[in-house]
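How can a reader new to a protein model find a way through it? Please look over the sequence and the structure, and then follow the paragraphs below.

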Amino acid sequence: MRAQFVLSEIGVGLRRNLTMTFAVVVSVALSLALFGGSLLMSDQVTTMKGYWYDKVNVSIFLCNKSDAESDPNCAKGAVTDDQKAQIKSDLSKMSVVEKVVYESQDEAYKHYKEQFGDSPLASSLTPDQMQESYRIKLKDPEKYQVIATAFDGRDGVQSVQDQKGILDNLFGLLNGMNWAARAVMALMLVVALMLIVNTVRVSAFSRRRETGIMRLVGASGFYIQAPFIMEAAVAGLIGGTVACGFLVVARYFIIDHGLDLSHKLNLINFIGWDAVLTKLPLILATSLLMPALAAFFALRKYLKV
């Protein structure tokens, strides 16, 4: 009987404050969708780092005849066979190096034609204008500076380039976007909490006569508070369910279908469904507990029991 009464009071409260309940549901849904999205973005960045950093190479570009005429780093002329042999020998002795691959001018020219064959510049280039290079796979991509310090400025070396620097700029941008999403999420959570508190206050005020009678007949404080707390929890849970739906639909249409990024951007290792599904229980739990706690503390002020 008591459970039936509490449930009936929840329905009454939600109907009485339908507009505010709808606002709570929408604000909770948006804030938790952003919350889940920011968690998934963090997972995506971590996945991409693991995927791409494992493929990062450090490149030592060697001087050619053209560089000797125009580049100050190659003022002593094109790289010699002895210099190339010494560079390779020094690389093989370094503990941070996992693998070294030599790329000749002909190979560099072939790779350039494959990647940029349609550009106007490609037709004017010849193999002897390309640079020989050593492509170095490091055991730890963070140890780039060891290679740069050892070979930058050495005779026959035009430059030492780290692909990780390019990736760091990309990941820095993604992390910045993720923090921006978290800031908006925090703002939306504050708005949702304010709406929940205000909804509870209005609901308590509109039912002050009923609660007064319940107090007079000896109802416990929890029995009086329970309908209000559960109203907020139900509204929050509906919003959390909507947020979960947003995330599932977004993953389905953006990555798998619709935009179909998993096929159009096949160089990116996208997060899988397991990453999405593991976030849904957290979102639902947050959507249930956050409004319930907000309502509980609001009732201590606005409903004297």
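The text goes from the whole chain to its helices, then to a single serine and a pair of cysteines.

This is a predicted model, in which local features need a pLDDT of at least 70 and side-chain atom pairs count only at pLDDT 80 or more, while totals for chains, interfaces and linings use all residues. Residues are numbered from 1 along each chain as its sequence is written, and side-chain values use heavy atoms, with hydrogens and water left out.

The protein averages a pLDDT of 77, and 74% of the residues score at least 70, where pLDDT is the predictor's confidence in each residue, from 0 to 100. Confidence is highest in helix 4, at 88, and lowest in helix 10 (residues 261–264), where the mean is 56. The protein has 11 helices and four strands, these being DSSP runs numbered from the N terminus (helices are H or I with at least four residues, strands are E with at least two). Of the 305 residues in the protein, 39% are buried, a term that means under 20% relative accessible area, whereas exposed means over 50% and partly exposed lies in between (1.4 Å probe, protein chains only). Among the contacts in the protein with a separation of 6 or more, 82% are between residues 24 or more positions apart; contact here means heavy atoms within 4.5 Å.

The 13 residues of helix 4 should span 18 Å at 1.5 Å a residue, which agrees with the 19 Å between its end C-alpha atoms; the expected span is 1.5 Å times one less than the number of residues. Lys84, Ile87, Asp90 and Leu91 are buried in helix 4. Seen down the axis, the buried residues of helix 4 fall within an arc of 130°, so they line one face of the helix, the arc being that of the directions from the helix axis to the C-beta atoms. An α-helix has 3.6 residues a turn, so residues three or four places apart point the same way. On the other side of helix 4, Asp81, Asp82, Ser92 and Lys93 are exposed. The cover over the buried residues of helix 4 includes strand 1, strand 2 (97–103), strand 3 (133–138), helix 6 (144–151) and strand 4 (157–162).

Helix 6 can be read in a similar manner. In helix 6, Tyr144, Ile147, Ala148 and Phe151 are buried, and they cover an arc of only 100° around the axis, which puts them on the same side of helix 6. These buried residues of helix 6 pack against strand 1, helix 4, strand 2, strand 3 and strand 4. After helix 6 comes Gly153, which has a positive phi, near 90°.

Ser38 is found in helix 2 (residues 18–53), and Ser38 counts as buried because its relative accessibility is 2%. Leaving aside neighbours within four places in sequence, Ser38 is in contact with Asn178, Arg182 and Met185.

A search of the whole structure finds one disulfide, defined as a pair of cysteine sulfur atoms within 2.5 Å. The disulfide joins Cys63 to Cys74, with 2.0 Å from S to S. This pair links distant parts of the chain, 11 residues apart, with Cys63 in the loop between strand 1 (57–62) and helix 3 (65–70), and Cys74 in the loop between helix 3 and helix 4 (81–93). The link of Cys63 and Cys74 is left-handed, with -80° about the S-S bond, and both Cys63 and Cys74 are buried.
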